[in-house]
Amino acid sequence: MESRNILRFLAISLSVSLVLFFTWVHLPYAPQPNTTTDLLYCSTNSPWCTSKNRFQPINKPSTADNILEKPPNPKHHNHESDTPHHPLDPLTISEINRVRTILKSHALFRSSSPFAFHSVVLEEPDKTLVLQWKKGDSLLPRKAAVVARVAGKSHLLTVDITTGEVAVQETGSRSGYPTMTIEDMTSSTWAPLSNADFNRTIIERGVDLQDLACLPISLGWFGESEENRRLIKEVVEISDKGKGIPIPKAANTDYRYSAQKINPEMMFVNPISIEQPKGPSFTVEDEHLVKWANWEFHLKPDPRAGVIVSRAKVRDPDSGEMRNVMYKGFTSELFVPYMDPTDAWYFKTYMDAGEYGFGLQAMPLDPLNDCPRNAYYMDGVFAAGDGTPYVRSHMVCVFERYAGDIGWRHSESPITGMEIREVRPKVTLVVRMAASVANYDYIVDWEFQTDGLIRIKVGLSGILMVKGTSYVNTNQVPGQQNLYGTLLSENVIGVIHDHYITFYLDMDVDGSDNSFVEVNIKKQKTPPGESPRRSYLKAIRNVAKTEKDAQIQFKLYDPSEFHVVNPMKRTRVGNPVGYKVVPAGTAASLLDHDDPPQKRGAFTNNQIWVTPYNRSEQWAGGLFVYQSQGEDTLAVWSERDRPIENKDIVLWYTLGFHHVPCQEDFPIMPTVSSSFDLKPVNFFESNPILRIPPNVEKDLPVCKPAASA
C-alpha cells in the first residue's frame, strides 16, 4: 500500500474544519513503565518519549524498512547509578525518584485531587556560588525546581533533595499555563475519536480511522472566552465544510529510502567518513564536562531548552589561563506563526519550547547520519507527568568536524622574492541536538572554533504543515483568491509561515560585569579639497546605559557591530576585551504589534535585547507560555529600562526565517540553515591560532581504496 504517513498529517486539515475545545481537568496518564532501569529508555517505552505527531503505537518495522543495514546504536549508558559531580549537573534518576517521594508525602499532593508534574529539573545554585566552586570542593546543595498542577492550579516548588524541605512559591498573576506533559498530549489526541459524529466525517472522506492521527495543537490566546480554562484546540464542535476537497493521493509521499525509485541516470556521492585512528581530540569528564583543544564547557540536556551550554571558557595562548566567555547559553523560545487567518488556521502560532518542550520533542540521533563516526552521545534524564524518571537516549551528540575549511592562510607575492605559503586547516567541535516538533525537524548546533569563535546554527527540515484544496494546477486558481501559500502538489497547499528562535546568552567576558556597545558604522564626507576621496566610513562607539539603549533592529543601510565588553579588562594597547555578535541571514516579524500572536511573541520585535541578569528571567515568552497573553515576556521586562552598563548582563538574539513553501520542500524539506557568531573582539592580544601546526602527510590516516581493500 502507498504510504499512509501523509494522511496522518493531512486528513484533518485537508478535509474538514474541526475545532474541539477540550478542557483539561485531569488527563489520565499513559501506561506506566516498569520501574527497572532497562525499561526507562525511550526506545522501549514510546508513550513516554513521543513527539506531538507520534502518538500511534510503534509497530515492528517491515522487511522493506530494514533493507539497508543500519549501524549499531551507541551502547546505552546505565543511568541508575549516576551521581552528580558538578553544581550544574542535571538531576539523576535517583534524585528524581527522591523528589517524587518527597512531594507525594507533601500536604499539597496528599489529597485526592488530580495532579501532574510539568517540569522537574535542577534548581541551579546561585551564580556567585557556582563561579566560586572548583573541582574538588564539596558539591553545592542539590535542589529541584518543580512546576506542578494540582486541582486545576499551577504551583512552583523548590525541593531540597537532602533535607526533604519543600518551599512553595507564588506563581503571581501570570495568565498562562505550564508546558504540556507528554501525557497531556497523548490523552487529548484520543478524545475526538470517542465522538461518533467526528468519526463519521472522517470515514465519509474515504479515510481509514487507523490512518488518522490527531494533533494536540496549542491555541494561543485570542480573547476572554479562553480565560481561566486550560484548553487544547484540536477538533471541535464539528464544522463540516470541507467535503468538496479531495484527499490528496499518497503517491510519491513516502520519504523512506526503501520506497524510492532510483533513476539510473542519477550519480550519488561515494561514502565519506572522517577517520580518527587516535580517537577524537575531546573528552567528556563526569558525563557533562567537555574539554577540547582550548575550550572547556559544561553540557546538559534540558526538557524545555533542549540543550544548555554553561561555563564556557577558552584558554589564552599567551598566559595559558582559562578565561570566561559565557556563563550560560540555550534556546529560550521558538515562535512559529502561520499566515492563514481562516477559522481552521488562525490559531496556529506555536511556542515550541514553552508549550511543548523543545527537549521533550528531541528524538534519538541516528549514528552516521545525524552525527558522524566517533561522535559522543549524551542522554537526557527527564521526569514524566507523575514524576517517574525516564531516559531519552542519544539526545545530544558531540563530534569534531573537518570539511576542508581553512583556519588561516597567506602566500607571499612573488614580487617579494620570498617563497612562503602558510595554511592551517580548520577543525571545529560541534554539539548537536535535533527535535521533531510535530511536522518540523529542528537541528541546533553549537560549534566551537579554536580561534575563540562560537557559531550557533539552526537547521529546518521535516514535513511542511499543509492544507487541502480542490485545485490541482495553478491555472485553476482565480486571480483574486488568496491561497495563503503555495500549491505544492495536486490538492496540497503549503501555508506561508515564519520561524523565530530566540537564544539566551549570559555573557561573562573575563568576568560577570560587562557592557554592551553598539559600534555604529557611519558615512563621513571629506571636506572639499582635502582628499580625492569624497567619503569614508567611521566607527562610532555607543555604550548602552539602560535596556532601551540595547533594543536593536538590524538595518542594512545603517549598520553596526554589537560588542559585549569588559570595561575593566584591557589589552596591552588599551582596548577593552570583548566578544561581538555577528549576524548572518535572518528575518524580522512583520506582524502588527497588537496582533494577539505577536503580543505573545513580542520578544521577536527586536533582533537583540540586553537585560540585567535575573535568574527568574530565562524564558523569552515567559515562564508559563501556554495560553499566555504576553504580559510576562522579554519585551515587558526590557521596558523597565534597568541599568546595564558594567553590570552582569544577558544578551538575547533572535534568529528568524520567512518561509514561502515551494515544490522542492515536498514531501520532505531539504535542510535550510542560518546562524550567528559570538566572535572575539580584542579578547586576545593577537591571532590565537597562529601557533597551531599545519597538517603533514605522515600524521594523517591512510585509507585503502575499496577496490584494493
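Cys 214 counts as buried because its relative accessibility is 5%, where buried means under 20% relative accessible area, exposed means over 50%, and partly exposed lies in between (1.4 Å probe, protein chains only). Cys 662, in contrast, is partly exposed, with a relative accessible area of 31%. This is a predicted model, in which local features need pLDDT of at least 70 and side-chain atom pairs count only at pLDDT 80 or more, while totals for chains, interfaces and linings use all residues. Residues are numbered from 1 along each chain as its sequence is written, and side-chain values use heavy atoms, with hydrogens and water left out.

**Disulfide**

- One disulfide is found when the whole structure is searched, a disulfide being a pair of cysteine sulfur atoms within 2.5 Å.
- The disulfide joins Cys 371 to Cys 397, with an S to S distance of 2.1 Å, and both Cys 371 and Cys 397 are buried.
- Because the torsion about the S-S bond of Cys 371 and Cys 397 is about -90°, the disulfide is left-handed.
- Cys 371 lies in the loop between helix H7 (352–356) and strand S13 (376–383), and Cys 397 lies in strand S14 (residues 389–401), so the pair ties together parts that are 26 residues apart in sequence.

**Confidence**

- The chain has an average pLDDT of 87, and 87% of the residues score at least 70; pLDDT is the predictor's confidence in each residue, from 0 to 100.
- Over residues 1–69 the pLDDT stays under 50, and for these residues the model has 195 contacts beyond four places in sequence, where contact means heavy atoms within 4.5 Å.
- Where pLDDT is low, the predicted coordinates should not be read in detail.

**Overall build and core**

- The chain contains nine helices and 30 strands, which are DSSP runs numbered from the N terminus, with helices (H or I) of at least four residues and strands (E) of at least two.
- Of the 709 residues in the chain, 52% are buried.
- Among contacts between residues at least 6 apart in sequence, 71% join residues at least 24 apart.
- The chain exposes about 33600 Å², of which carbon and sulfur atoms supply 52%; accessible areas come from the Shrake-Rupley method with a 1.4 Å probe, and for residues only the protein chains shown count as cover.
- The largest nonpolar core has 86 residues, and those with the most contacts inside it are Leu 299, Trp 446, Phe 448, Leu 505, Phe 516 and Leu 678; a nonpolar core is a set of buried Ala, Val, Leu, Ile, Met, Phe, Trp, Tyr and Cys residues joined through side-chain atoms within 4.5 Å.
- Apart from that core lies another one, of 21 residues, among them Ile 93, Ile 96, Ala 144 and Val 381.
- Leaving aside its neighbours within four places in sequence, Leu 299 has contacts that include His 288, Val 307, Met 378, Val 396 and Val 431.

**Backbone exceptions**

- Most residues other than glycine have a negative phi, and most peptide bonds are trans.
- A cis peptide bond, with omega about 0°, joins Phe 666 and Pro 667, and Pro 667 is placed in the loop between strand S29 (647–659) and strand S30 (669–681).
- Ala 293, although not a glycine, has a positive phi of about 50°; this residue sits in the loop between strand S8 (289–292) and strand S9 (295–302) and is exposed, with a relative accessible area of 56%.
- Asn 682, also not a glycine, has a positive phi of about 60°; Asn 682 lies in the segment after S30 and counts as partly exposed at 35% relative accessibility.

**Aromatic rings**

- The structure holds 27 aromatic pairs, counted when rings of Phe, Tyr and Trp (its six-membered ring) have centres within 6.5 Å, with planes under 30 degrees apart called stacked, over 60 edge-to-face and the rest tilted.
- The rings of Tyr 338 and Tyr 350 have centres 6.1 Å apart and planes at 75°, so this pair is edge-to-face.
- Tyr 338 is buried, with a relative accessible area of 5%, and Tyr 350 is buried as well, at 4%.
- A cluster linked by ring pairs is made of Trp 446, Phe 503, Phe 516, Phe 554, Phe 562, Tyr 653 and Phe 676.
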